[in-house]
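Student: Could we go through the charged side chains in this one, and then step back to the overall fold?

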Amino acid sequence: ETVVFRSLPDAVEPIRDGLANALGQEGVALERLGRLDEARDAYLRSISAKPTAQAHYNLAVTYWNRDWTVAADHLDQAVALDPANARIRAYAQDARRHAGGKP
């Protein structure tokens, strides 16, 4: 579902931030409960509300050792959003190697 905001962008941005954060926290809780599909859905909804490196990183973790290509793709997106984060860059390179791509 896509929502288009045309007015009051200064008022909307904090709402999007809060929604993205809440959905990310929901994903963490669901992941800890072992409910990976629901966690992934929450992370994707968080990204839809406002793409963040943390949400892409968290989503990638759910695919670690399960689907290297998907993990690497989300880590690459996390790096694009936070290129100064050396830890995420290192994980992205590792995932890309496992996926069979160039680091």
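Student: Is Arg-97 buried, partly exposed or exposed?
Tutor: This is a predicted model, and in it Arg-97 counts as partly exposed because its relative accessibility is 46%, which falls between the 20% and 50% cut-offs.

Student: What does the side chain of Arg-97 meet in a salt bridge?
Tutor: Its partner is Asp-94, with an N to O distance of 3.6 Å, and both residues lie in helix α5 (residues 86–99), three residues apart, about one turn of the helix. Asp-94 is likewise partly exposed, at 24% relative accessibility.

Student: Which salt bridges link distant parts of the chain?
Tutor: One of them joins Lys-50 and Asp-17 at 2.6 Å, N to O, with Lys-50 in the loop between α2 and α3 and Asp-17 in helix α1, 33 residues apart. Another joins Arg-45 and Glu-26 at 3.3 Å, which connects helix α2 to helix α1 across 19 residues of sequence.

Student: And which network of salt bridges includes Lys-50?
Tutor: Lys-50 is linked with Asp-17 and Glu-13 in that network, while a search of the whole structure finds nine salt bridges.

Student: Switching to α2, how does its span compare with what 1.5 Å a residue should give?
Tutor: The two agree, because the 14 residues of helix α2 (residues 36–49) should span 20 Å and the end C-alpha atoms are 20 Å apart. Its buried residues include Arg-40, Tyr-43 and Ile-47.

Student: How many helices and strands are there in the protein?
Tutor: There are five helices and zero strands, and buried residues make up 34% of the 103 residues.

How values were computed: Residues are numbered from 1 along each chain as its sequence is written. This is a predicted model: local features need pLDDT of at least 70, side-chain atom pairs count only at pLDDT 80 or more; totals for chains, interfaces and linings use all residues. Side-chain values use heavy atoms; hydrogens and water are left out. Helices (H or I, at least four residues) and strands (E, at least two) are DSSP runs, numbered from the N terminus. The expected span of a helix is 1.5 Å times one less than its number of residues. Buried means under 20% relative accessible area, exposed over 50%, partly exposed in between (1.4 Å probe, protein chains only). A salt bridge is a side-chain nitrogen of Lys or Arg within 4 Å of a carboxyl oxygen of Asp or Glu.
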